[in-house]
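Student: Could you walk me through reading this protein model? I'd like to start with the strands.

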Amino acid sequence: MIFAGNKKILTYGLILFLILGAAGSSAGQTEEELAKKLSNPVASLISIPMDLDYDTDINPQDSGDRLSLTLKPVIPFSLNSEWNLISRTIIPLVSQDDIVPGIGSQKGLGDIFLNFFFSPAGPTPSGIFWGVGPAMLLPTATDDLLGSEKWTLGPTGVVLVQKGPWTYGILSNHTWDFAGDDDRPDINNTFLQPFASYNMSGGWTLSLQTESTYSWETEKWTVPVNLGVAKLTRFGKLPVQLKAGLRYWAESPD
């Protein structure tokens, strides 16, 4: 699939999602039930999303490219009969070339981002799922140009409703840097991810979301809009969800 760029920089790319539900926690559940759980960021289900993105023409001179594989394991821990702790980790592996003219190529691990949600084991009487906790960026990049060289910390939260085939809600966090290289730009970012999905028969899901970031340091927005279609199937007893989609950059810094 191809996703278009915004009015400033034209960007093309490929985005594929592979999500693996843990076999032990999914036994006896239908494709429709599992697909609905995968639409819920605080569902009690182990999954390993893997995003493959390819972007071209990403620098101001309309050249340069980046290939990234992002692992996003989601692991729930049962604290007691009423509360869960949901860990969501973002691990980027990146290969990029000439993203700024003249800097050459870089390959390796980027910064790892951690989210932890303390969440009730079930929805409220009105059908609302929610979770709150800390978020943290770790400066794990193996190359200076693949990361921020900053430690950040802040709050994160998610709230959503599932009614019939619909899931809709918002995930958000805000992080500030508290340590790291003083010569690198400060980090003071708000992240907003409103999302909606529609589950259909046969394990099919349509989804729409944005992953908007506002930098309070530069006073700039980055707003990619993602439209996706997913199909949950099984490899033997292991449930697998494959997802492809389009991305449009509604706003981004120059």
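**Strands, core and surface**

Tutor: Let's begin with a pair: strand β14 (residues 220-235) and strand β15 (residues 238-251) run antiparallel, joined by 13 bridges. Two strands pair if DSSP finds at least two bridges between them, and strands (E, at least two residues) and helices (H or I, at least four) are DSSP runs numbered from the N terminus. This is a predicted model, where local features need pLDDT of at least 70 and side-chain atom pairs count only at pLDDT 80 or more, while totals for chains, interfaces and linings use all residues. Residues are numbered from 1 along each chain as its sequence is written, and side-chain values use heavy atoms, leaving out hydrogens and water.

Student: Which residue stands opposite Pro 224 in β15?

Tutor: Trp 249 does. The hairpin of β14 and β15 has two residues between the strands, and Gly 236 takes a positive phi near 70 degrees there.

Student: How many bridges join β4 to strand β5?

Tutor: Five, and β4 and β5 (residues 83-97) run antiparallel. They form a hairpin too, with four residues between them. In this pair, Pro 76 stands opposite Ile 86 in β5. Overall, the protein chain has 15 strands and two helices.

Student: What about the inside: which residues form the largest nonpolar core?

Tutor: In soluble globular proteins, nonpolar side chains tend to be buried together. A nonpolar core is a set of buried Ala, Val, Leu, Ile, Met, Phe, Trp, Tyr and Cys residues joined through side-chain atoms within 4.5 Å. Here the largest one has 10 residues, including Val 74, Ile 86, Phe 191 and Phe 195. The elements giving two or more residues to this core are β9 (150-163) and β11 (188-199). Leaving aside neighbours within four places in sequence, Val 74 is in contact (heavy atoms within 4.5 Å) with residues that include Ile 86, Pro 41 and Leu 45.

Student: Is Phe 77 buried, partly exposed or exposed?

Tutor: Buried means under 20% relative accessible area, exposed means over 50%, and partly exposed is in between, with a 1.4 Å probe and protein chains only. Phe 77 counts as partly exposed because its relative accessibility is 41%. You'll find Phe 77 in strand β4 (residues 74-78).

Student: And how much of the chain is buried?

Tutor: Of the 254 residues in the protein chain, 42% count as buried.
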